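Let's walk through this model together, starting with its charged pairs and then moving to the sheet, the core and the loops. Please keep the structure open beside you as you read.

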Amino acid sequence: MVIEPKIRGFICTTAHPVGCRAEVKRQIDYVKSQPAVSGPKKVLVLGCSTGYGLSSRIAAAFGCGAATLGVAFERPAAGKRTATAGWYNCAAFEEFAAADGLYAQTINGDAFSPQIKEETIARIRRDLGQVDMVIYSLAAPRRTVGEVTYSSVLKTTGEPYTNKTIDLKTRQVSEITIPQATEQEIADTVKVMGGEDWMDWMLQLQNAGVLAPGATTVAYSYIGPALTHPMYLNGSIGQAKKHLYQTAGQIAAQIPGVHSYVSVNKALVTQSSAAIPIVPLYVSILYKVMKEKDLHEGCARQMYRLFSQKLFGAAPQTDEQGYLRLDDLEMRPDVQEQVSLIWEQLNSQNVSQLADIDGYWDDFYRMFGFGIEGVDYKQDVDPDVAIPSIHS
Ligand code: NAD
């Protein structure tokens, strides 16, 4: 069938298998064009199918030559319904890894659940023995623990916060007020996006004997400039990230020898960040400024830099609080001064000149395999693509 993008709110409900494959290949080609990295050899990637997790997996496999086991929560095609982009990405990743003689398997299911943890441990034991790196890149709206399902919210924790936002479809800039989260909503957001599940994974891997001595683990966070703080750093999600930072210390304390980090990454268009109010407008301005200064990086460049410079260079490069900072270019004073100047002036009339809305949309469509050079979107394609390691 011919597959076209169908946008609903901040998500695209279709994905293009050929386009997703081309986009995965583009990231792989980038990493392969860079010097090889002397890094981990057996890597578990939790949240491996899109965004930062996918790019981490690509950096590990094609930068370090690592065997990778990925866990993701994606949907295969069914009848006329396409699979999710993450499903197609995993299929393509496995295909390219196999062509290069690299072990790559994927487990599809709820990473928060005991069943998927057990299945993952069994697979590591069977195929890899132990893993020497665990990447925690889950971004989930909810988490079920036993009988209870917790949902995360994107709200402030202080007074309601009003600032500019954009309707990316109509390019109308308007004001939005972000409500204050209740104590319960904050606690639930921490439950979903904080460090509890990361810690569970690490302890269970360790107790099962499948974590190599001296292994590295990393989870991802964001800080950003003051204008996003009420929404992010000081919002409900920021509380969850605070918990993630604390967990990094607890993992190191409870599993001696494990090197545990939080990497603070750049704001980028991903399926998760597209859902955060205010952030897409900020990202569009940031793209404009960083592209003009030739500083722009996508997920692949960020994750290659994480591996090659921040984690596995001569020595891990952390800031005074112990974080790996991949947002160093985003937070450069000259970049942020320019972003603030634009933010002040921005309105519906000048938004297309002052912000990189086209660049935003380009990245958005790419995430779902659309708008990619060399792909003939008029061609009939079979939406039913198998992930080689998943027999379903
Ligand atoms: P994403 O939506 O692209 O990826 C999320 C991944 O988690 C996918 O692989 C998805 O399949 C998987 N997943 C979700 N729920 C799952 C579940 N229950 N079980 C198994 N897998 C599940 O998100 P992203 O933006 O790459 O975010 C990854 C991390 O990076 C998050 O911690 C996020 O806060 C952080 N981060 C993102 C940005 C940004 O701008 N996008 C910036 C800095 C840090």
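## Salt bridges

The structure holds 24 salt bridges, a salt bridge being a side-chain nitrogen of Lys or Arg within 4 Å of a carboxyl oxygen of Asp or Glu. Before going on, please note that this is a predicted model, in which local features need pLDDT of at least 70 and side-chain atom pairs count only at pLDDT 80 or more, while totals for chains, interfaces and linings use all residues. Residues are numbered from 1 along each chain as its sequence is written, and side-chain values use heavy atoms, with hydrogens and water left out.

One of the salt bridges joins lysine 32 to aspartate 100, at 2.7 Å from N to O. This pair links distant parts of the chain, 68 residues apart: lysine 32 belongs to helix H1 (residues 17-32), and aspartate 100 to the loop between H3 and E5. Helices (H or I, at least four residues) and strands (E, at least two) are DSSP runs, numbered from the N terminus. Lysine 32 is partly exposed at 44% relative accessibility, and aspartate 100 is partly exposed at 38%. The cut-offs here are under 20% relative accessible area for buried, over 50% for exposed, and partly exposed in between (1.4 Å probe, protein chains only).

Is the pair of lysine 117 and aspartate 197 buried or exposed? Lysine 117 is buried, with a relative accessible area of 2%, and aspartate 197 is buried too, at 1%. Their closest N and O atoms are 2.7 Å apart in a salt bridge. Here again distant parts of the chain are linked, with lysine 117 in helix H4 (residues 114-128) and aspartate 197 in helix H6 (residues 196-207), 80 residues apart.

Lysine 288 is partly exposed at 23%, whereas glutamate 292 counts as exposed at 57%. Elsewhere, a network of salt bridges links Glu23, Arg26, Asp362, Arg366 and Glu373.

## The open sheet

Seven strands make up an open sheet with parallel pairing, in the order E5-E4-E3-E6-E11-E12-E13; two strands pair if DSSP finds at least two bridges between them. Strand E5 (104-108) and strand E13 (324-325) are at the edges with a single partner strand each, so one side of each has no neighbour in the sheet.

Strands E6 (residues 131-136) and E11 (residues 211-221) run parallel and are joined by five bridges. Valine 131 stands opposite leucine 211 in E11. Helix H3 (residues 85-99) packs on the sheet, where it touches strand E4 (67-72) and E5, and its direction makes about 160 degrees with that of E5. Such angles run from 0 to 180 degrees between N-to-C directions, with axes fitted to C-alpha atoms, for helices over the stretch in contact.

## The nonpolar core

How many residues does the largest nonpolar core have? It has 139 residues, and those with the most contacts inside it are Leu44, Phe62, Leu205 and Phe364. Such a core is a set of buried Ala, Val, Leu, Ile, Met, Phe, Trp, Tyr and Cys residues joined through side-chain atoms within 4.5 Å.

In helix H5 (residues 183-193), the buried residues are Ile186, Asp188, Thr189, Val190, Val192 and Met193. Their cover includes strand E7 (142-145), strand E8 (148-151) and helix H7 (236-254).

## Two loop residues with positive phi

Most residues other than glycine have a negative phi. Isoleucine 278 has a positive phi, near 75 degrees, and is placed in the loop between strand E12 (259-264) and helix H8 (279-292). Isoleucine 278 counts as buried, at 0% relative accessibility.

Aspartate 294 also has a positive phi, of about 60 degrees. The loop between H8 and helix H9 (299-311) holds aspartate 294, which counts as exposed at 70% relative accessibility.

Key. Contact = heavy atoms within 4.5 Å.
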